[in-house]
Amino acid sequence: MKKLTLNKQTKSNLITYGIIVIAYFVIQIMIATHTMSYHMQGMLVTVCSYIILAVSLNLTVGILGELSLGHAGFMCVGAFVGASFSICMKGIITFTPLRFFLALLIGALAAGIVGILIGTPVLRLKGDYLAIVTLAFGEIIKNVINVIYMGIDKNGLHFSTKDTVSLGMEEDGIAVIKGAQGVTGMPQDSNFTIGIILILLTLYIVLHLIQSRDGRAIMSIRDNQIAAESVGIHVSKYKLLAFSISAALAGMAGVFYIHSFDNMSSSVFDYNLSISILVFVVLGGIGSIRGSIIAATVLTILPELLREILYSISKDSNVSQVITNSRMLIYSIILIVMMIFNWSPEVKEWTGKFFGKFKKNKSGKKEVA
Amino acid sequence: MALLEVQNLGISFGGLRAVDDFNLKIEKGQLYGLIGPNGAGKTTVFNLLTGVYKPGMGIIKLDDQDITSKKNIEINEAGIARTFQNIRLFKELSVIDNVKVGLHNQYHYSTVTGILRLPKYKKIEKEMEEKALSLLEVFDLDKEKDTLASNLPYGKQRKLEIARALATNPKLLLLDEPAAGMNPNETKELMDTIRFVRDKFEMTILLIEHDMKLVSGICERLTVLNFGRVLCEGPTSEVLNNPEVIKAYLGE
């Protein structure tokens, strides 16, 4: 009996990994045969980082059951720490994969530590209050980085909150973070293949965490905190564990994302981004890891796809401007329709019939995936 | 030496003395009942014993160890487990995972071991699975082990809650109205189960119950609460024939 349950879990995990790997090869073939536009190819890195973000946020929202609206803040910490590291080490570590690996690691660690620092006081709150405070922390992180100047010379690192000149560097010094301008001159180390590897790594960590002793403790807190305490679960410890792992993975996604640009300002990691990630999680189904992946992919590609389609339809007509401008409107309508459609009882019943033989798995899936 | 000794326990909510000068002594292996009219303070006593509320006064001793004012997690570690009047299961977890959460503090491996699935993970998960299954078998729940807890019928949910509490390996088990909402057949089955648990696990059990059939059927001693105070205490047959108890609770 024991083997059967483990196999079921492993099987479900393997299917999830499999979807990613197959998607990778399909896209590689599409690129090789030139059936994918350059514009779409440029989206791939973004899609990969959004998938990681959605899966990591699902750990907080779906598995721990706490609403966090500051996920972009952790991404921001990871991105800037990782980018600073890469710029500082550009001349020192010339082997790119190693440098990028270290940048990812350091960025994730930094975001994880910030997650612990913020989570320790904040996770005592519940529900709406927690959501509001995480929202505030996300904005605070963004705005703090927005005024930081950092430079490096042979004497080491210099910090200031005024301007580049007040860093007081030697002549050979380079300014790494320039306040509102953000970071410039990053090596563009990110690519689609690395993105897929990072997605697989994220899934490996999150799925295995959920299916372990700690994961059960985390989910028991979500389901009933009073009962969890009554059987001796250390609630704050496990809340913090889930929250900081979620933050660290967001930080890793941030490092990956920022390394696809030459320069970037911290204002990108704002409230809107946090909400977009939350939309992926909610639309994909709270607690469903596979759902997060699919929702992140579809919702990131959709606006761009709409742009391409609308442009090709209305190229010669007078209304072209109106239609292309209504792109976001159509996107919103599709979002609403999908949300209603996804959660309607009739659709659930229909999918239940359609996937009749998977129905049992599905009821089991809710607890593991 | 009594397993549980409570002296002068009291708590006030605002100006209301919900529990006042409450004394209780339970010997090891006893099946003890706490009865009384609605609002008498029975569940408040449970919440005081398990650390949900902090007592305003009094001492609670478990196995000669002072557990007064400790947190509910520490009290569980000291050896008190409970069930709830309104069932509190982990609804989105499977039946067996509910029990495994109860086993949480007896089996250890690190987070990293769990994520990397090192050999220790497999070994300990296997032990947990076996232990959880053996507990489920006691309550005849082993066939439903992969069902979501929320999908179980009511009577089985009550049983699962007891199984989960037992999984924490307690010295004392507190059952808050275990027969609430059960039909006579289910209640009878539950009585057998409670007796069986006491014998098999050599458990000491304190229960709150309104079902007098169950109380007179299995409890050896009773304490009657009325308006937060102990009205009467003693062997079941004596207490149930006490004129004051009949007047205050049972009805003439």
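Rings of Phe, Tyr and Trp pair if their centres lie within 6.5 Å. The notes below use that cut-off for a predicted model.

1. **Aromatic cluster, chain A.** One aromatic cluster is formed by Tyr50(A), Phe80(A), Tyr257(A), Phe261(A), Phe269(A) and Phe280(A). Over all chains, a search of the whole structure finds ten aromatic pairs.

2. **Phe74(A) with Phe243(A).** These two rings form an edge-to-face pair. Their centres are 5.6 Å apart, with 85° between the planes. Phe74(A) belongs to helix H3 (residues 71–88) of chain A, and Phe243(A) to helix H9 (residues 235–258) of chain A. The pair therefore ties together parts that are 169 residues apart in sequence. Are the two residues buried or exposed? Phe74(A) is buried at 5% relative accessible area, and Phe243(A) is buried at 2%.

3. **Phe80(A) with Phe269(A).** The ring centres of Phe80(A) and Phe269(A) lie 6.3 Å apart. Their planes are at 75°, so this pair is edge-to-face. Phe80(A) sits in helix H3 of chain A. Phe269(A) sits in the loop between strand E5 (263–264) and helix H10 (271–284) of chain A. The pair links distant parts of the chain, 189 residues apart. Phe80(A) is buried, with a relative accessible area of 3%. Phe269(A) is buried too, at 1% relative accessibility.

4. **Thr60(A).** This residue lies in helix H2 (residues 38–63) of chain A. Thr60(A) is buried, at 2% relative accessible area. Which residues does Thr60(A) contact, leaving aside its neighbours within four places in sequence? They are Gly65(A), Glu66(A), Ser68(A), Ala242(A), Phe243(A) and Ser246(A). Phe243(A) is also a member of the aromatic pair with Phe74(A).

5. **Strand E1(A) and its partners.** Strand E1 (residues 149–153) of chain A has four of its five residues buried, so it is largely enclosed by the rest of the structure. E1(A) pairs with strand E2 (residues 156–160) of chain A over five bridges, in the antiparallel sense. The two strands form a hairpin with two residues between them. Tyr149(A) stands opposite Ser160(A) in E2(A). E1(A) is also joined to strand E3 (residues 174–178) of chain A by four bridges, and these strands run antiparallel. There, Ile152(A) has Ile174(A) as its bridge partner.

6. **Strand E7(B).** Strand E7 (residues 172–176) of chain B is mostly covered, with five of its five residues buried. In a regular strand the side chains alternate between the two faces of the sheet. In E7(B), Leu172(B), Leu174(B) and Asp176(B) point one way. Leu173(B) and Leu175(B) point the other way. Note that Asp176(B) is among the buried residues.

7. **Neighbours of E7(B).** Strand E6 (residues 80–82) of chain B runs parallel to E7(B), joined by three bridges. Strand E8 (residues 204–208) of chain B also runs parallel to E7(B), joined by five bridges. Leu172(B) is the bridge partner of Ile80(B), and Leu172(B) also has Thr204(B) in E8(B) as a bridge partner. E7(B), helix H7 (residues 184–201) of chain B and E8(B) make a right-handed β-α-β unit.

8. **Cysteines.** How many disulfides does the structure hold over all chains? The count is zero. Cys88(A) is in no disulfide, and the nearest cysteine sulfur, in Cys76(A), is 17 Å away. Cys88(A) is buried, with a relative accessible area of 16%. In chain B, the sulfur of Cys219(B) is 14 Å from the closest cysteine sulfur, that of Cys232(B), which is too far for a bond. Cys219(B) is buried at 7% relative accessibility.

9. Asp64(B) is not a glycine, yet its phi is positive at about 70°. Asp64(B) is in the loop between strand E4 (57–62) and strand E5 (65–66) of chain B. Ser69(B), also not a glycine, has a positive phi of about 65°. Ser69(B) falls in the loop between E5 and helix H2 (72–78) of chain B. Ser69(B) counts as partly exposed, at 40% relative accessibility.

10. **Confidence, chain A.** The mean pLDDT of chain A is 87, with 90% of its residues at 70 or more. Residues 357–369 of chain A have pLDDT below 50. That stretch has 21 contacts in the model beyond near neighbours in sequence. Where pLDDT is low, the predicted coordinates should not be read in detail.

Note on methods:
Residues numbered from 1 in each chain as written. Chains lettered and ligands numbered in written order. Predicted model: local features only at pLDDT ≥ 70, side-chain atom pairs only at ≥ 80, totals over all residues. Heavy atoms only, no water. Buried < 20%, exposed > 50% of the residue type's maximum accessible area, 1.4 Å probe, protein only. Pairing = 2+ DSSP bridges. Right-handed = clockwise from strand over helix to strand, strands pointing away. pLDDT = per-residue confidence, 0-100. Contact = heavy atoms within 4.5 Å. Disulfide = S-S within 2.5 Å. Phe/Tyr/Trp six-rings, centres within 6.5 Å; stacked < 30°, edge-to-face > 60°.
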